[in-house]
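Please open the model in your viewer and keep the selection panel at hand; the stops below concern charged side chains.

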Amino acid sequence: MNQVQHNAIVNFIWSIADDVLRDVYTRGKYRDIILPFTVLRRLDAILEPTKDKVLEMHQKLNEMKIDNQSAQLRKTSGYVFYNTSNYTFKRLLNEPGNIRQNLETYLDGFSSNVQDIISKFKLRNQLETLEEGNITFPLIEKFCSSTINLSPMPVTDKDGNVVMEGLTNLGMGYVFEELIRKFNEENNEEAGEHFTPREIIRLMTHLIFEPLKGKIKDGTYLIYDPACGSGGMLTEAEHFAKKLNPKATFHLYGQEVNPETYAICKADMLIKDEDPEKIAFGSTLSKDGFPNLQFDFMISNPPYGKTWKVDADAILDKKDIIDPRFTVGVPRVNDGQLLFVMNIVSKLKTNSELGSRAATIHNGSALFTGDAGQGETEIRKYLFENDLLEAVIALPNDLFYNTGIPTYIFILNNKKEEKRKGKLQLINVTSEQFYSKMRKPLGKKRVEFSKDHIRKITDLFLNFENNEHSIILDNEDFGYSQITVHRPQRDEDGNIIKDAKGKPKSDNALKDKENIPLKDDIDAFFAKEVTPFVPDAWYKKSETKIGYEINFAKYFYQHKAPRSLEEISADIFKIEEETEHLLKEIVEA
């Protein structure tokens, strides 16, 4: 997209808030007006060329007393949505005295799929405030300004020269996301809950699709994001996939729990002529929008460190897991990110030649939280024992708008190529050669990927080699056997207390646990590492639990030599000298 055009549009729309809303709304409420009106003006601009034809068709169908007009009106408008009112944004300006009533009529004229968007924005609740503040007219007038073009069609002069480029669907998505980011930053909210920086999405699309170059045929493929926000990941995924095979058809599916971002995403799908019904509203964890579908490609940045307590009743009946997606186990209630992983696993295609590929982002707790037998570990165990995890990429800190903590991309694949079977590739791109520092931070985002960085990281993945940034290990290398080490109870005289069968009773206070690498023999480990130090100890094979964890530091740790004594001494002397000068100044003062 033309960056100058993008910035001009965002800055203009942003200025509308201060120019029109300032004396009527607090700054925290600007987004409640600006975002839905931006969506509506985009839809309005798209429908303008066929508006009169739609009105003619609507009148004709009314005269024929045909009630179900949707299919014919969609065909006439050229899109999967339409508006049957006599108004456009520009025509609303013709009757300033009746603009409130006419605006309501205009909103009522939209097709049902747009009505859902208007409802989720709660826009009708704002009409009275707009009228009382006498700002309905200037607001609509601003959005009709000739200085910006929200239409996909270019604006030309009388000689046919392009004055302003058309705004592509992808460009409109960027505008939405930049506005959301700016509003959230203004209100000190979490921008990352709504969308992911585009360069990270592009990296994920490379990792998903590049291994399939030449393998994506001219058929139909389904792309899914269970936490789709405003739809950026779906858009980028389709955009990249189309480059690999322009003849293939891709259908986009997503689910979003936030009403506002759901409305934006659905509007985005409408504009792209995608089926808006493929975007579901509500929590993916408690109300799966697509329970009977499997997908070819999945991409997501689900919330991490966020409670799933509100979803618990749909997942658990007391302690019993009742949702078949999560029967493997559930994580602790304060972090539901691994539930999103198992939701993706439940939607992997098993009956296709390519299977399914997925990329999803997580923080460190997804790699190592939980003891053997607990929900998090049981989920990792399932991924490893079913050979579903292809790679984990450690990303640089400060890459996201709302967090500076370590983050990781999981690549899942249920039909690995032969050389990857039974293996997991760890990729570490946290060093400065894989990113550049931004001149101006955006929220907590201080670093970014360039095209060259994305290429280097993708090549590390595709080359599948062991080097300083890439390590390939067997799945079993991440597993361990956890045993409970028992010690006998002693009476006051130091005698071992035995049960009715003559076996020593275990002292609960002395119980301990040992994690033994899965490839090691437990008996040999016990004889070498436990018995020499506590000869009376024992373990029960029946109590052994298998766990898995991914410890990046273990494999990529680089020893940093301590500073020399000379350097430390020099620093101490320097501090003493500074302190002496400071004391002298205080005394002399």
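Which residue forms a salt bridge with Asp387? Select Lys416, whose closest N and O atoms with Asp387 are 2.6 Å apart; a salt bridge here is a side-chain nitrogen of Lys or Arg within 4 Å of a carboxyl oxygen of Asp or Glu. Asp387 lies in the loop between helix H17 (375-385) and strand S10 (389-394), and Lys416 in the loop between strand S11 (407-413) and strand S12 (423-428), so the pair ties together parts that are 29 residues apart in sequence. Helices (H or I, at least four residues) and strands (E, at least two) are DSSP runs numbered from the N terminus.

This is a predicted model, in which local features need pLDDT of at least 70 and side-chain atom pairs count only at pLDDT 80 or more, while totals for chains, interfaces and linings use all residues. Residues are numbered from 1 along each chain as its sequence is written, and side-chain values use heavy atoms, with hydrogens and water left out.

Next, select Lys266 and Glu277, which meet in a salt bridge at 4.0 Å, N to O. Lys266 sits in helix H13 (residues 259-271), and Glu277 in the loop between H13 and strand S5 (279-281), 11 residues apart. Lys266 counts as buried at 3% relative accessibility, whereas Glu277 is exposed at 54%; buried means under 20% relative accessible area, exposed over 50%, and partly exposed in between (1.4 Å probe, protein chains only).

Finally, select Asp18 and Arg27, a salt bridge with its closest N and O atoms 3.0 Å apart; Asp18 is partly exposed at 23%, and Arg27 is partly exposed at 37%.
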